[in-house]
Amino acid sequence: MLLTADFYEMNKVIITVAITGGLHGKEANPNLPEQPDEQAQSAYDCYNAGASICHLHVRDKAGKSTGNLKVYEDAISKIRAKSPILVQVGNGIGQYIDEEGKQRTHSDEHRMKLLDIKPKPDIITINAGSFDFSGVLFPNSPDFNRKFVKGANERNIPIECEVYDISHVANIKRLVSEGVLKEPVHYSLVLGIDGGIPATPENMLRLVAELPEGSSWQAIAISRYQLPLTVAAMCMGANIRTGLEDNVYIRRSQLAKSNAQLVERVVKIARDLGREVATVEDTKKAFHILD
């Protein structure tokens, strides 16, 4: 997966935009879209800018993370009414505040219900292992992931695996060896979250070295690490993710005006590097999505 003499013959770069996320909201950047109409417009603008996948989390009317299927269904329907961008749902949902004012994560039972969103998402993600994010445990047991992936397979929903540490790659390999996950596997290497692998070039290279031959991967780097590591990933032939879920700034101390602005930046860099940007049709082929 490293840079070779065939640099200019590398596959087209798939650009995913994570438009909302399940943690921070408009308090972090007032341009972050929270409601379905806002999300549909943001996804449309990002599609026009060059993104082919919209990674989706949804919020309730108060702007809080929710797993309410009706909100997902409303958002997906409105996104698809405006553009052909592919919709990818993150199965972590996000954090919420309980009656005692404590941060909590959604139950496995609640997360399993995401498989029944209608219209169904084009792609769905799994977290490849458990991690502690700022003192809140995000549990992702092997048993839960087996059950979730089997459910996605039954519904013909492609999977992307979000990896937060090296051990998570081993977890995915185990699911492949058991026949639960089918190859080639699409990996998202997440660097820079509190409780996950630190965002350094060395760590990204170490993760890539663990990936089986024939895998595809994208870099997800958080906040100030986003631009340098996603550029490095593009130089290595990888796909990348941008968006206000991962980074609310366009440059130091300057908030991004929109998700589309972040997409426009990486599209320009990709083309300057000689990488052609994947279309929605290209991305459907990569994920074996049938119309």
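Predicted model: local features only at pLDDT ≥ 70, side-chain atom pairs only at ≥ 80, totals over all residues.
Local features need pLDDT of at least 70 and side-chain atom pairs count only at pLDDT 80 or more, while totals for chains, interfaces and linings use all residues. Residues are numbered from 1 along each chain as its sequence is written, and side-chain values use heavy atoms, without hydrogens and water.

**View A. Lining of the largest cavity.** The structure holds two cavities of 30 Å³ or more (cavity: a set of points on a 1 Å grid over the protein atoms alone where a 1.4 Å probe fits but cannot get out; lining residues have an atom within 4 Å of a point). Strand β13 (216-221) and strand β12 (186-191) each supply at least two lining residues (strands: DSSP E runs of at least two residues; helices: H or I runs of at least four; both numbered from the N terminus). β13 gives the most, with three.

**View B. Lining of the second largest cavity.** About 40 Å³ of space lies here. Gly92, Thr105, His106, Arg111, Asn127, Phe138, Pro139 and Asn140 form the lining.

**View C. Contact of α7 with α8.** The axes of α7 (residues 226-235) and α8 (residues 259-272) come within 11 Å and cross at roughly 35 degrees (axes: lines fitted to C-alpha atoms over the stretch in contact; angles run from 0 to 180 degrees between N-to-C directions). Gln226, Leu227, Val231 and Met234 of α7 meet Arg265, Val266, Ile269 and Ala270 of α8 (contact: heavy atoms within 4.5 Å).

Conventions. 1 Å grid on protein atoms, 1.4 Å probe; cavity = no way out; pocket = protein on both sides within 12 Å on 5 of 7 lines; lining within 4 Å. Points joined across faces, edges and corners; volume = space filled by probe spheres on them.
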